[in-house]
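Here is a short briefing for a reader new to this structure. Look at the sequence and the model, then read the points by topic.

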Amino acid sequence: MAHAKPLATLRSATGIPTGRLAVWWVLASEVVIFGGLLGVYLMHRIGHPEWADAAAHTQTWIGALNTFVLLTSSFTAVLAHQAAEKGNGKEAAKFLCFTILGAMTFLVVKSFEWYNEISHGYTITANTFWSFYYTAAGLHALHVIAGAIIMGVVAFDAFRGRELHRVELIGIYWHFVDVVWIFLFPLLYIAK
Amino acid sequence: MADTVVDVHQHEHAGHDGHHDPHWIVKYLWSTDHKIIAMQYLFTGMFMGIIGAYMAYVFRMQLAFPGISVPGFGQVSPGEYNSLITNHGSIMIFWVAMPVLIAAFGNYLIPLMIGADDMVFPRINRLSYQIFLVSAIILLASLFVEGGGFGGAWTSYPPLSAEGDYNQTNLGSSLWLLAVALEFVAFLLGGINFITTLMNSRAPGMKAYDIPMVLWMIVIASILFMLSVGPLIAGAVMLFFDQTINTGFYDPTRGGDPILWQHLFWFFGHPEVYVVLLPAIGITVDVIATFARKKIFGYKLVLYTAVATGVLSFFVWAHHQFIAGIDPRMANVFTITTLLISVPIAELLFVMIATLYGGSIRLTTPMLWALAFIAEFLIGGVTGIFLGASGADIYFHDTYFVLAHFHYTFFPIAIIGTFCGFTYWFPKMFGRMMNDTLGKIHFWGTIIPFNFIFIPLFVLGMGGQHRRIYNFQHFPELAGPEMYSLRQIATISLLIMLAFQAVFFFNMFWSWFKGEKAGKNPWKANTLEWTTESPPGHGNWPPDQMPVVYRGPYEYGHPDREEDYWPQHLPS
């Protein structure tokens with residue numbers, strides 16, 4: 001059943017479309033969640049130089065590979081937005097599917113990496129560095145999974161030419177997921 | 001079906017037709033109408049309030065008459081006592097103050113006061129309530145699991161909250177944490193909706209300074225909540241891992257730090273005080289302007305003061321940790337910021353008093369509540385100065401002085417503020433007037449016992465009575481007859497206050513069905529919600545009569561007009 005949008009949703013007193021405004025507020029709330037977690041991690045890391053020994057066991061090249069995968073998926077999200085701006089829903093859906101593919105690649109790589117680490121005894125309880133490592137990366141991975149699912153819904157609609165403005169909104173969110181990883185990668189992998 | 005927006009007027013037929021039961025469920029449990037969702041929040045909040053009050057009754061009886069079999073509960077064991085005080089605090093803040101003051105009033109008032117037909121995201125709004133309901137059910141369920149409900153205080157400090165060996169409530173503490181986390185999710189969803197609606201969906205002509213103060217306050221509170229809760233969500237995930245899979249985030253022997261939780265908790269917990277305070281102040285300001293028939297003294301002053309309070313509230317949290325082992329130099333800084341924040345709050349109270357000055361005051365029930373808010377919150381604020389000063393706090397910390405102080409702030413916020421708003425907007429919500437005599441009986445029956453509960457607790461706190469003691473008979477210096485008589489005064493006053501709430505519930509239900517018809521604008525107020533039917537139908541206004549705004553919300557007693565009020569929607 002079609003849902004009639006209330007007049008409230010269609011108004012725009014600020015001039016910013018309501019959906020975009022809301023996505024920015026969602027991101028504001030997300031920034032403080034990850035900001036809090038990473039701030040705490042940083043303070044602990046400074047107080048515990050011995051964590052460098054644990055951090056030495058993270059695989060920087062796998063992290064780098066995943067960074068590359070995520071950045072590429074953000075690029076296809078931009079292409080999807082461009083297509084949606086032109087009103088080409090099918091093209092937008094295609095590029096969104098590439099982004100979903102990127103998200104899945106990221107998760108597959110991450111699964112192998114974690115499997116490898118856990119089988120070497122570096123579990124979430126091994127020490128507090130590993131606790132932070134799995135908590136921060138796990139929270140980020142949850143956002144990747146959520147983003148991929150939402151993107152699937154948006155792509156499904158976009159393919160039928162519906163709700164094309166949502167392509168931009170999920171793109172904004174996806175860039176945020178990307179940016180969080182840009183912070184996680186140096187903090188968890190590069191800093192030894 | 002899920003997307004059906006049910007027409008309130010159509011329900012009149014459906015109600016008589018027994019075969020359309022699903023329709024009834026759809027209307028009240030699956031509706032996306034902001035007014036229905038507001039009612040869901042309001043009544044869930046009231047129900048939780050009754051449970052929270054029942055808990056207070058049980059543990060106050062145990063404290064005043066140790067060891068008696070409490071009528072309606074039985075003997076209170078130490079574990080049950082801990083669980084009762086913990087869940088009383090959690091319920092009153094997270095499941096009463098927030099859903100009623102922010103979610104219920106926010107949902108009801110925002111679209112009506114800005115002249116919109118609904119919130120911008122009605123389905124997210126519905127989801128927000130549903131998550132909230134689940135969180136409430138989980139919390140209540142946690143009281144009945146093996147080992148009993150969580151008993152580590154609403155602040156949930158580790159290691160007590162993290163180690164099952166210490167708290168003895170393995171499942172209860174995890175469920176408590178889960179319930180709080182879900183409640184946060186519900187309010188983040190609701191908050192985004194509130195902020196976006198106020199920013200984007202205002203009626204044509206309504207500029208920033210034409211927005212009624214209560215809406216500003218609810219939205220500033222939503223922003224404060226959103227920006228302060230994030231680190232605690234991260235901290236809650238960490239605590240959850242500590243509880244369930246045995247990580248060591250808060251365990252110093254494994255590289256963690258228990259004080260970390262206190263920082264994360266109070267970085268949220270202190271702004272949270274202002275999250276619930278600001279809507280209550282907004283309600284009070286609006287009610288005072290209406291019943292003093294006077295423009296509020298300094299609209300922009302109130303607005304900017306509230307913003308300043310919000311900003312400052314992020315820099316006071318460590319005053320909860322003066323004796324937790326933080327650096328004394330840091331304690332000095334936080335003493336200064338804490339004393340500073342009393343300046344904007346004092347300013348807000350002065351604005352209310354200045355608004356009263358020279359007004360033609362009508363002492364209706366909502367106005368009495370508004371005046372009581374000023375008087376009682378003042379006591380709460382002033383006693384905060386003692387605790388904010390790090391030197392005095394060394395003595396007062398964790399005594400009943402602290403407890404009495406924050407009840408003198410939270411009671412005016414959550415109870416007085418709620419009754420003030422509820423009695424003021426009742427005619428709009430249900431279309432009928434509340435009985436004023438019964439309202440005043442309930443008012444005095446609540447306010448007088450309230451003071452008799454907490455003033456003795458101030459005295460006991462100054463006498464050194466510690467907060468977290470189950471039975472004072474175990475401590476000879478706290479077991480004297482004069483201390484017991486003060487405790488008994490407090491408990492008996494509580495019983496009297498609870499008994500008077502029956503007057504309120506009788507008045508509410510009686511007025512709901514039998515009260516005098518209210519009409520559109522019984523208080524002769526200016527804001528937009530009073531321009532539509534009481535109660536408003538679906539869509540709030542007929543689509544071709546959506547209001548347009550021409551002036552601010554507080555144009556009372558304008559010299560050029562015959563009437564002493566000038567509604568926002570009338571062209572000049």
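Axes are lines fitted to C-alpha atoms, for helices over the stretch in contact, and angles run from 0 to 180 degrees between N-to-C directions. The model is predicted.

**Helices H9 and H12 of chain B**
- The axes of H9(B) and helix H12 of chain B, residues 365–388, come within 9 Å. They cross at roughly 125°.
- Angles over 145 degrees count as roughly antiparallel and 65 to 115 as roughly perpendicular. H9(B) and H12(B) are therefore oblique to each other.
- The crossing of H9(B) past H12(B) is left-handed.
- H9(B) brings Ala280(B), Thr284(B), Val287(B), Ile288(B) and Phe291(B) to the contact. H12(B) brings Pro366(B), Met367(B), Ala370(B) and Phe373(B).
- By class, the residues of this contact between H9(B) and H12(B) are 8 nonpolar, 1 polar and no charged.

**Helices H3 and H4 of chain B**
- Helix H3 of chain B spans residues 34–64, and helix H4 of chain B spans residues 78–114.
- Their axes come within 8 Å and cross at roughly 155°.
- H3(B) and H4(B) are therefore roughly antiparallel to each other.
- H3(B) passes H4(B) with a left-handed crossing.
- The contact of H3(B) with H4(B) holds 23 nonpolar, 9 polar and 1 charged residues.

**Where chains A and B meet**
- Chain B gives 42 residues to the contact, and chain A gives 32 residues.
- On the chain B side, H7 (170–200), H8 (213–244) and H9 (258–292) each supply at least two residues.
- H8(B) has the largest share of that side, with 10 residues.
- The side of chain B that touches chain A has 25 nonpolar, 12 polar and 5 charged residues.

**Chain A**
- Chain A has 7 helices and 0 strands. Along the sequence, its pattern reads α-α-α-α-α-α-α.
- Its C-alpha atoms fill a box of roughly 55 × 30 × 30 Å along the principal axes.
- Chain A has 192 residues, and 40% of them are buried.
- Take the contacts in chain A between residues at least 6 apart in sequence: 79% of these join residues at least 24 apart.

**Domains of chain B**
- Chain B divides into domain 1, residues 1–30, and domain 2, residues 31–545.
- The C-alpha centres of domain 1 and domain 2 of chain B are 33 Å apart.

Conventions: Residues are numbered from 1 along each chain as its sequence is written. Chains are lettered from A and ligands numbered from 1 in the order in which they are written. This is a predicted model: local features need pLDDT of at least 70, side-chain atom pairs count only at pLDDT 80 or more; totals for chains, interfaces and linings use all residues. Helices (H or I, at least four residues) and strands (E, at least two) are DSSP runs, numbered from the N terminus. Angles under 35 degrees count as roughly parallel, over 145 as roughly antiparallel, 65 to 115 as roughly perpendicular and the rest as oblique. A crossing is left-handed if the near helix is turned anticlockwise from the far one by less than a right angle, and right-handed if clockwise. Ala, Val, Leu, Ile, Met, Phe, Trp, Tyr, Cys and Pro count as nonpolar, Asp, Glu, Lys and Arg as charged, and the others, Gly among them, as polar. Two residues are in contact if their C-beta atoms, placed from the backbone, lie within 7 Å. A residue is buried if 20 or more other C-beta atoms lie within 10 Å of its own, exposed if 12 or fewer, and partly exposed in between; C-beta atoms are placed from the backbone. Domain bounds come from an automatic or database domain assignment.
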